[in-house]
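Here is a friendly briefing for anyone meeting this structure for the first time. Take a look at the sequence and the fold, then read on.

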Amino acid sequence: MSAQAALLEVAAGTLIGLVAFGLVAGIGITAVGPGGVLVTVGLFVLTDLSPAEVAGTAIVTHVATGTLGTLAYWRSGQLRRPPTRRAAALLAAAALVGTPIGVLVNGVVSGPGFAILLAAAVAATGLLVLVREHRVGPPAGHPRAALVAVVGVAVAAASGLFGIGGPMLAVPLLLVCGMPVLDALGAAQVQSIVIASVGTVGYAAQGAIDWPLAVAVGVPELVGVLIGWRVAHAVPTHRLRLALAAALICLAPYLALHG
């Protein structure tokens, strides 16, 4: 069956919902960081995929979004700065260690267990964003290499488990550590390429990727990435971050019960 024929079998309401989740996720990825989780949430809530299929289908979309986000932040100059490039390289190297761990853990998690863990990750991300918003003082600068590496491994493991984009957790954590917001966004895009590539290989080996659904959610996600990059450079994103944080925190209980 062709990808086009497979997509036609998806209910119209489900397809529209996945497109909406993908678009908003893409905007969140490059505008504020914690957006990629919405792809996982959409697939988990709107389809009957298994935890491995949800994570595998979601993570493959982040190969393209990470690449596009990296090119965007290279063009705008953040990834041309040596400190940002060093942070990006550390995060990418850490992804080689953390992502396979997350993929392996996914294989032993049940549906209800996946729901609870996903809800916890969503709530934690929302709280991290709120912590950053209420943190007093300007960015302190780039954190030490060891701290960036620890953050990178933790983020990659969670990303491999849930199929989320690395920026979801990496950006709030790097901001809490004092990194400037645009530098954190740029470095996280680079890491997401490695996370998504390694995760795609791992889930593809299990036959756990629904390629037609990945296209349905991935194409609007790419459009959202470009919109989000424009938003990040054109307007203050304070209110957008607060709205996203509130949405994630409110969504967490539903996800836990959905499992």
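H4 and H9 cross in a left-handed way; a crossing is left-handed if the near helix is turned anticlockwise from the far one by less than a right angle, and right-handed if clockwise. This is a predicted model, in which local features need pLDDT of at least 70 and side-chain atom pairs count only at pLDDT 80 or more, while totals for chains, interfaces and linings use all residues. Residues are numbered from 1 along each chain as its sequence is written, and side-chain values use heavy atoms, leaving out hydrogens and water.

**Helix H4 against helix H9**

- Two packed helices are described by the angle between their axes and the distance between the axes.
- For H4 and H9, the angle is about 140 degrees and the axes lie 7 Å apart. Axes are lines fitted to C-alpha atoms, for helices over the stretch in contact, and angles run from 0 to 180 degrees between N-to-C directions.
- H4 is therefore oblique to H9; angles under 35 degrees count as roughly parallel, over 145 as roughly antiparallel, 65 to 115 as roughly perpendicular and the rest as oblique.
- Sorted by class, the contact of H4 with H9 has 13 nonpolar, 13 polar and no charged residues. Here contact means heavy atoms within 4.5 Å. Ala, Val, Leu, Ile, Met, Phe, Trp, Tyr, Cys and Pro count as nonpolar, Asp, Glu, Lys and Arg as charged, and the others, Gly among them, as polar.

**Other partners of helix H9**

- Helix H5 (residues 82-106) also meets H9: their axes come within 8 Å and cross at roughly 30 degrees.
- The crossing of H5 with H9 is right-handed.
- On the H5 side, the contact includes Thr84, Leu91 and Asn106, and on the H9 side it includes Asp183, Val194 and Tyr203.
- The residues of this H5 and H9 contact divide into 15 nonpolar, 7 polar and 1 charged.
- Helix H7 (residues 145-162) packs on H9 (residues 181-205) at an angle of about 40 degrees, with the axes 10 Å apart. That angle makes H7 oblique to H9.
- H7 passes H9 in a right-handed crossing. Gly152, Val155, Ala156, Ser159, Gly160 and Leu161 of H7 make the contact with Gln191, Ile195 and Tyr203 of H9.
- By class, the contact of H7 with H9 has 5 nonpolar, 4 polar and no charged residues.

**The chain as a whole**

- How many helices and strands does the protein chain have? There are 11 helices and 0 strands; helices (H or I, at least four residues) and strands (E, at least two) are DSSP runs, numbered from the N terminus.
- Of the 259 residues in the protein chain, 53% are buried. Buried means under 20% relative accessible area, exposed over 50%, and partly exposed in between (1.4 Å probe, protein chains only).
- Among contacts between residues at least 6 apart in sequence, 84% join residues at least 24 apart.
- The chain exposes about 10500 Å², with carbon and sulfur atoms supplying 73% of it. Accessible areas come from the Shrake-Rupley method with a 1.4 Å probe, and for residues only the protein chains shown count as cover.

**Helix H8**

- Helix H8 (residues 167-176) is largely enclosed by the rest of the structure, because 8 of its 10 residues are buried.
- Among the buried residues of H8 are Pro167, Met168 and Leu175.
- After H8 comes Gly178, with a positive phi near 110 degrees.

**Residues worth a look**

- Thr65 sits in helix H4 (residues 51-75) and is buried, with a relative accessible area of 2%. Beyond its neighbours within four places in sequence, Thr65 is in contact with Ile29, Gln189, Glu221, Leu222 and Val225.
- Ser192 belongs to helix H9. Is Ser192 buried or exposed? Ser192 is buried, at 3% relative accessible area. Not counting residues up to four places away in sequence, Ser192 touches His62, Gly66, Gly166 and Pro167.
- Ala252, in helix H11 (residues 238-258), counts as buried at 7% relative accessibility. The C-alpha atoms of Ala252 and Ala120 are separated by 6.8 Å, although the two are 132 residues apart along the chain.
- Ala234, in helix H10 (residues 211-234), is exposed, with a relative accessible area of 60%.
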